[in-house]
Amino acid sequence: MTAAQLTIDPHFVTGRIQRRLFGGFVEHLGRHVYDGIYEPGHETADAEGFRQDVIDLVRELGVTTIRYPGGNFVSGFRWEDSVGPREQRPRRLDLAWHSTETNEVGLHEFSSWLDKVGSDLMLAVNLGTRGTLEALDLLEYANIPGGTALSEQRRANGKDEPFAIEMWCLGNEMDGPWQLGHRSADDYGKLASQTAKGMRQLDPDVKLVVCGSSAADMPTFGEWERVVLHHTYDDVDYISCHAYYEEKGGDIDSFLASAVDMDRFIDTVIATADHVGAVRHSSKKIDISFDEWNVWYIDRYHGVDKVQGIDNWPVAPRLLEDVYSVVDAVVFGNLMISLLKHADRVTSASLAQLVNVIAPIMTEPGGPAWRQTTFFPFSITSRLAQGESLELKLDSPTYQTARFGEVPLVDAVATHDAENGRSAVFLVNRSTTESITVTIDVAGLGDVSVLETHTLTDADVYAANTLENQERVTVTPNETVALADGTLTVTLPPVSWSALSLG
Ligand code: AHR
């Protein structure tokens, strides 16, 4: 049996955990909105056509701020299409996903759904095929109380009070050649700065996210951030990061170390942002909005689930319906550990996505809704990670990976909430063969006891929850946990994610 050591001390604070770290993302893509959250004919549908079984699962998941309506979708989106009387809303081609958008669900309906699931809205404006004026129009429609053309239009459309949306994304993945309206860092930086200045003139309280790189391996990565922030440093609050991971070519060892890559990605973007701040002699710090992250088998499905043909624009086709395994959930839980380890600068994040589309929640039309394996690390981390993220002293054996070099077998983060005295530790064992016993010095936490233990693992690391077998994989209590004289020990099975709560 291999061993690792960890020391938790509540004095060593990384940063306060913002609830926005547990955000989600709903894009008009595939069966996410239609036949996902919205299915008027479903037996659980409420008066507005939203599935109650999905609402219940989203609440259980514990997502905070939800980014909407895209994604690549937003770069071809005319927001005006999605408000006003439904029967007058146009059907439009969605070029990003080669689908038909009916606009049956728009800003008002989505906002009402958010009230039901208890989440806040983070709205993206289209800076791909549209510009500053349309962004300002949308902000006026959403946030001005009344007395102007667009705010009165909102009121006439049934929303008397403003939506009061605080978080706004200035476009989506503008560095990506696949993006409608993709442009250079220089061109985008100027447009984003102009749009941000106008938005702040209209509503000084908005928080603005400028597009960073859509992946750390983009050829423009690093330079993109530097140039974009050079233009927008004084105008925005966040720069975005996006990252998706998958097991490639059967290299499970590298896949299990994906969070190492996420750690490096975050550290590099922070360094770049701070460099721009230094050059500008600015005391302001730019935070990271990691507003797309997940496991996504882009390579496995590449070209297979793409819709094509000039006469083929389906409504809500099955797209990006990845089925997640145990190993996917372990990597996923580790990505959450990475976000928490950077809680001082990553103060907003969005799991991409929520229902049916690379999602922790799956549904069948006219059928059930169920939890994928990734549901568990998200719901448990969102619930237990409260207060402040702590810097850990972690001593772990290492292993060699083809993609990321020598990396620790164990990764972990701890949180502590001084208000209620509760702490939590989240751990992964990346070994595919060895159990690892971790000895944790918790003396600094005082006289605590173990409140909850959860471990996600399985003899078959590719086991998954499916329509036919919806509860094949779940979390179970970790019976190995022992606490005596300020020392906690836990054995982590191979390829496992665990959470322990103390209080
Ligand atoms: O989440 C799926 C897609 O991934 C989003 O639309 C896009 O922003 C990213 O490339």
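# Burial, charges and rings in a predicted model

Q: With which side chain does Asp 186 meet in a salt bridge?
A: A salt bridge needs a side-chain nitrogen of Lys or Arg within 4 Å of a carboxyl oxygen of Asp or Glu. The N to O distance here is 3.7 Å. Both residues lie in helix 5, four residues apart, so about one helical turn separates them. The partner of Asp 186 is Lys 190.

Q: What is the relative accessible area of Lys 190?
A: Lys 190 sits in helix 5 with Asp 186. The lysine is partly exposed. Its relative accessible area is 46%.

Q: Which residue does Asp 237 reach in a salt bridge, and where does that partner lie?
A: The N to O distance is 2.9 Å, and the partner is Arg 200. This pair links distant parts of the chain, 37 residues apart, with Asp 237 in the loop between helix 6 and strand 10. Arg 200 is partly exposed at 21% relative accessible area. Helices (H or I, at least four residues) and strands (E, at least two) are DSSP runs numbered from the N terminus, and on that count Arg 200 lies in helix 5.

Q: How far apart are the closest N and O atoms of Asp 411 and Lys 341?
A: Asp 411 belongs to strand 19 (residues 410-417) and Lys 341 to helix 10 (residues 326-341), 70 residues apart. Asp 411 is buried, with 5% relative accessible area, while Lys 341 is partly exposed at 27%. The two form a salt bridge, and its closest N and O atoms are apart by 3.0 Å.

Q: What angle lies between the ring planes of Tyr 68 and Phe 110?
A: Rings of Phe, Tyr and Trp (its six-membered ring) pair if their centres lie within 6.5 Å; planes under 30 degrees apart count as stacked, over 60 as edge-to-face and the rest as tilted. The count comes to 14 aromatic pairs. Tyr 68 and Phe 110 form a stacked one, 3.8 Å centre to centre, with an angle between the planes of 5°.

Q: Why is the pair of Phe 265 and Phe 290 classed as it is?
A: Phe 265 and Phe 290 have ring centres 5.6 Å apart and planes at 80°, so the class is edge-to-face. Phe 265 comes from helix 8 and Phe 290 from strand 11 (residues 287-295), 25 residues apart. Both are buried. The angle behind the edge-to-face class is 80°.

Q: Over which ring does the charged end of Arg 67 sit?
A: A charge sits over a ring if NZ of Lys or CZ of Arg is within 6 Å of the ring centre and within 35 degrees of the ring normal. Lys 159 does this over Phe 163, 5.1 Å from the ring centre. Arg 67 lies 4.6 Å from the centre of its ring, that of Phe 25.

Q: How far is Trp 370 from Gln 470 in space, C-alpha to C-alpha?
A: Trp 370 is in strand 14 (residues 369-371) and counts as buried at 6% relative accessibility. Contact means heavy atoms within 4.5 Å. Not counting residues up to four places away in sequence, Trp 370 touches several residues, including Leu 57, Pro 360, Leu 467 and Gln 470. Gln 470 is 100 residues away in sequence, yet the C-alpha distance is 6.1 Å.

Q: What covers the buried residues of helix 6?
A: Helix 6 (residues 223-232) buries Trp 224, Glu 225, Val 227, Val 228, Leu 229 and Thr 232. The cover includes helix 5 (185-202), strand 9 (207-210), strand 10 (238-245) and helix 8 (258-279).

Definitions and conventions. Residues are numbered from 1 along each chain as its sequence is written. Side-chain values use heavy atoms; hydrogens and water are left out. Buried means under 20% relative accessible area, exposed over 50%, partly exposed in between (1.4 Å probe, protein chains only).
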